[in-house]
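Biologist: I have a structure open and would like to walk through it with you. Shall we take it one question at a time?

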Amino acid sequence: MIELLRLCGFGAQEIESELPRIEKAFGRLGITAEDIERGKQRLNKYYDIELKGVRKVFRLLMWEVIESVMARDDGKTKIVNGFMAPGTSIIGCALMSKSKEVFSAHHGWAFMPIVGCIFGKIVPVLEAAEKKWLKAGAVSHCSNVKTYVGMTALNMIPKPDLLMSSGFLCETAPKTLDLLHELYDISVFNCFTCQDREFGEYLDGSKRAINLAATSTRSLTERIREVVGFEITDDMLWEALNAKKKLDDAIRKLRDLIANSDPLPIGPAHENLLFCVNNLTMSIDRMPVAVDAINTLYEELQERVDKGIGVVEKGAPRVLCILPPGGTDPILEHLASEVGIAMVATDNRFLLPDVIESEDPYVVMSLHLLSSMANSPSKRIPLIIDVCKELNVVGVFDRYHVGCRTVAGDAMMIKKAVEKELGIPVLLLEWENFDPRTYNHEEFRRRLEVFKMMMIKKSA
Amino acid sequence: VGYSILEILKEKYQKESKVIMAQKIANKNKGGNAMEEKRLATHLRDRPAQLEEAKKNGIKIIGYFPGNYVPEEIIYASGSVPLCLIHGGSSGPADAALSVVPHIICPFARAQIGERLLKKTPYYNMLDMFVAPITCQHLKKVAEVWEFYGDLKIFKLGIPQLSSGFVLEYYSDRLRALKDRLQAFTGNEITNEKIGEAIDLYNKMRELLKKISLIRRSSPSQISALDFIKLNHASFYADPAFMVDVLDSIYSKLKARQPPAQTNAPRILLIGPNLGYGDYRVLEIVKEAGGEIVTEEICEGIRYYWNNIENTGDLFQSLTRGYLVDRVPCAFMRDSARKRLDFALKLVKEFNASGIIWYELLCCETYDSESYYFAEKMGERNIPMLILESDYSIADTGQLRTRIEAFIEIVKGGNV
């Protein structure tokens with residue numbers, strides 16, 4: 001355990017003082033000594049754990065998991081959780097910064113990399129959800145959503161006083177909230193918007209969608225006020241947004257360094273860590289810790305770049321990936337590096353260029369609706385093509401998340417358009433971003449190898 | 001011994017008499033509606049040609065998807081022809097769409113893409129514009145595909161997934177935007193009078209469908225589920241005024257009918273996300289297995305007829321109330337599970353149903369999730385429920401038949 005915690009960036013003193021609490025939390029999560037051994041092996045195998053920055057990121061993720069599990073034991077009187085609710089981590093930040101009695105988390109983003117990526121134990125959680133309403137099989141329910149239901153069914157986390165989600169991208173999360181309310185008596189709130197932007201009126205449509213989301217989020221804070229007993233003011237949200245902006249900027253700078261370096265200075269499995277840290281719910285006090293972790297990693301990678309050190313050889317085919325990496329297992333990204341493909345970036349970090357400025361924090365919190373995956377193909381695909389040109393990639397790897405109709409539904413259109421417009425190969429690979437059971441090593445290896453050959457041949 | 005033989009013969013004679021009598025009534029009843037059936041069949045046969053002719057005369061054909069979130073009244077008031085695309089049930093078009101979207105898009109949504117690719121069903125390729133209700137991700141994806149490939153003008157009608165609060169204004173505004181778009185597209189002014197006339201017309205249609213539906217409360221029903229659903233489907237393609245006339249006539253004849261002879265067919269409530277034009281396999285198997293579907297709670301494919309639209313005051317607010325508030329929400333809507341359960345229980349009681357068949361399309365994630373909840377809640381009430389799913393493939397017909405037959409036996413035999 002101690003070695004594992006060291007690998008995850010915990011200091012000796014911290015380990016000594018927190019060990020009983022961490023052991024208690026691990027006990028509730030069903031993490032055994034055997035799992036800890038496996039965790040150490042996986043950390044060493046899949047991650048550049050010798051980098052201080054990576055360890056610091058893991059520490060942040062680990063803390064959110066422990067605090068989530070132990071929230072009631074820690075004396076938190078109100079718990080406001082979120083899942084599949086982009087933007088609401090800012091509200092959580094404001095809540096925790098205002099009151100030490102309130103806890104807020106967006107569990108999946110810490111829980112999945114820790115329980116899934118490190119310990120390789122996400123499958124029992126998914127199976128618990130599959131025994132409920134998110135059954136396994138051809139229906140292809142989203143395993144991100146399954147994770148929350150599984151955690152609830154297995155009593156891994158305390159029952160929240162309010163659970164919030166959104167339908168920005170799907171109906172599965174809101175439907176699950178509906179059933180969590182009906183079957184587990186959990187108070188719930190859905191933020192939402194309408195995905196009715198048309199190609200011909202994109203900017204007006206975006207303003208309409210964002211304003212609707214903002215209004216909906218404003219009613220969420222009204223509801224939260226009833227739960228926690230104090231108001232969430234616009235000033236509180238601006239403070240949280242400003243603190244978060246520093247983290248956003250640090251992550252953007254780091255991603256730019258990775259995307260523009262040859263050889264690739266760090267494996268693509270780490271992109272998931274950046275994605276998760278970016279979505280953690282942290283108090284304003286903790287935000288500088290996260291910024292420090294990212295900046296540390298930046299400095300370490302800059303050093304690698306200066307020395308020409310990479311995880312794949314210089315000149316390896318550069319690809320843009322569609323969607324975030326595996327959320328519960330880094331194995332596919334690890335395989336891509338083994339095969340010698342440089343996955344330089346994912347499309348989800350890029351925003352459409354039409355900038356909407358506002359003095360309203362709720363509008364700013366809703367700007368994620370400008371991201372690639374929140375848009376219809378008529379806007380999303382031109383964005384992807386622009387990013388391909390900007391990053392000078394020679395291929396696109398769309399490992400589409402089969403549990404998500406929104407993003408997976410675009411896969412074939414992306415392939416046709418990118419191949420036609422840029423003449424570079426696009427590999428479509430169907431899998432579940434959050435379910436390691438869909439990983440098929442031999443099949444995926446062969447397909448990546450052929451993909452690599454195609455890119456080399458095309459570029460020659 | 002002699003007495004017993006007499007009793008047996010008497011019983012046999014009575015049974016045969018009942019069968020003959022039932023047959024006679026059925027034939028007579030059938031004859032009563034045959035003329036209307038023929039009128040409707042002829043109309044539907046000629047409808048594509050009529051619409052092509054109308055197009056030549058400058059009338060626009062405006063398509064939309066089922067689910068009852070697109071007020072046809074606004075389209076009708078623009079002087080255009082509203083045409084609800086409702087074909088489904090066949091694997092050909094659904095499979096053809098796999099070149100454009102992956103298999104996790106539901107077969108009905110894929111069938112819509114496939115129909116336009118295959119160009120075999122005339123309605124699909126005669127559209128001038130399409131109003132896409134942004135309901136679930138499946139139908140949204142169809143609209144996005146058509147928008148991306150740019151071969152059809154699209155108006156995306158955002159459906160707020162709540163039916164109360166600030167979202168109502170959003171929906172009303174989108175309906176007004178639809179009105180503006182249609183005015184600009186057709187060059188025809190959409191006045192309140194025209195919308196009012198359209199509401200009146202469609203209210204009559206809903207009213208008649210409701211009356212016919214309520215006739216099915218009697219046991220056995222005067223009209224089979226298949227016939228009722230076919231009528232309902234016809235109403236999406238037929239001229240609405242003509243359809244009202246046909247429905248009126250059918251209703252009058254059904255009212256005048258002699259009640260059919262009693263049967264012991266279990267009365268079944270059918271629940272599901274979608275029943276396309278041609279997706280009749282489950283209905284047929286249930287009938288063949290000796291069951292009787294007496295009412296349906298289907299989101300897409302059955303015109304929502306339980307409520308009418310108020311034709312006074314601000315008509316856009318009336319439409320908002322009618323299409324969003326005063327109705328049972330589909331499963332993709334927020335907080336819908338309990339409301340839909342309550343409505344299903346009401347139907348069970350009102351139609352004296354003794355079992356439920358839950359028929360969902362593969363990959364429909366909201367209905368699939370809800371099936372768990374419904375099964376649990378129906379189980380608590382000892383109402384048997386069978387969950388079926390389909391991807392329109394005929395390969396599972398045998399399996400469906402076995403499961404439905406076993407279910408009908410269970411319902412007949414009472415609770416196990």
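Biologist: Which backbone oxygen does the side chain of Lys141(B) reach?

Modeller: Keep in mind that this model is predicted. Lys141(B) is found in helix H5 of chain B, which covers residues 137-149. Its contacts include Arg405(A), Gly409(A) and Asp410(A) of chain A. At 2.8 Å, the side chain of Lys141(B) reaches the backbone oxygen of Thr406(A).

Biologist: Does Lys141(B) count as buried or exposed?

Modeller: Buried means under 20% relative accessible area. Lys141(B) has a relative accessibility of 1%, so it counts as buried.

Biologist: What span does helix H6 of chain B reach from its first C-alpha to its last?

Modeller: H6(B) runs over residues 167-186, which makes 20 residues. At 1.5 Å a residue, 28 Å is expected. The model comes close to that, and the span is 28 Å.

Biologist: Which residue just after H6(B) takes a positive phi?

Modeller: H6(B) covers residues 167-186. Just after it comes a phi of about 80°, and the residue is Gly187(B).

Biologist: How far apart are the C-alpha atoms of Gly63(B) and Leu83(B)?

Modeller: Gly63(B) lies in strand E1 of chain B. It is buried, because its relative accessible area is 0%. Its contacts include Leu83(B), Leu127(B) and Phe130(B). Gly63(B) and Leu83(B) are 20 residues apart along the chain, yet their C-alpha atoms are separated by 4.7 Å.

Biologist: Which side chain does the side chain of Gln161(B) join in a polar contact of 2.4 Å?

Modeller: Gln161(B) sits in the loop between E4 and H6 of chain B. It counts as buried, because its relative accessibility is 5%. The side chain of Gln161(B) also reaches the backbone oxygen of Thr135(B) at 2.9 Å. The polar contact of 2.4 Å joins it to the side chain of Arg334(B).

Biologist: Which residues of chain A does Gln161(B) touch?

Modeller: Leave out residues up to four places away in sequence. In chain B, the residues touched include Phe332(B) and Met333(B). In chain A, they are Glu171(A) and Phe192(A).

Biologist: How much space lies in the largest cavity?

Modeller: A search of the whole structure finds 14 cavities of 30 Å³ or more. The largest holds about 160 Å³.

Biologist: Which element gives the most to the lining of the largest cavity?

Modeller: The lining has nine nonpolar, three polar and five charged residues. Helix H11, helix H12 and strand E6 of chain A each supply at least two residues. With four residues, the most comes from E6(A).

Biologist: What separation do the C-alpha atoms of Phe275(A) and Pro325(A) have?

Modeller: Phe275(A) lies in helix H12 of chain A. At 13% relative accessibility, Phe275(A) counts as buried. It touches Trp109(A), Arg255(A), Pro324(A) and Asn348(A), leaving aside residues up to four places away in sequence. Phe275(A) and Pro325(A) are 50 residues apart along the chain, and their C-alpha atoms are separated by 8.8 Å.

Key: Residues numbered from 1 in each chain as written. Chains lettered and ligands numbered in written order. Predicted model: local features only at pLDDT ≥ 70, side-chain atom pairs only at ≥ 80, totals over all residues. Heavy atoms only, no water. Buried < 20%, exposed > 50% of the residue type's maximum accessible area, 1.4 Å probe, protein only. Polar contact = N/O pair within 3.5 Å; in protein donor to acceptor, adjacent residues only side chain to side chain. Contact = heavy atoms within 4.5 Å. Expected span 1.5 Å × (residues − 1). 1 Å grid on protein atoms, 1.4 Å probe; cavity = no way out; pocket = protein on both sides within 12 Å on 5 of 7 lines; lining within 4 Å. Points joined across faces, edges and corners; volume = space filled by probe spheres on them. Nonpolar A, V, L, I, M, F, W, Y, C, P; charged D, E, K, R; others polar.
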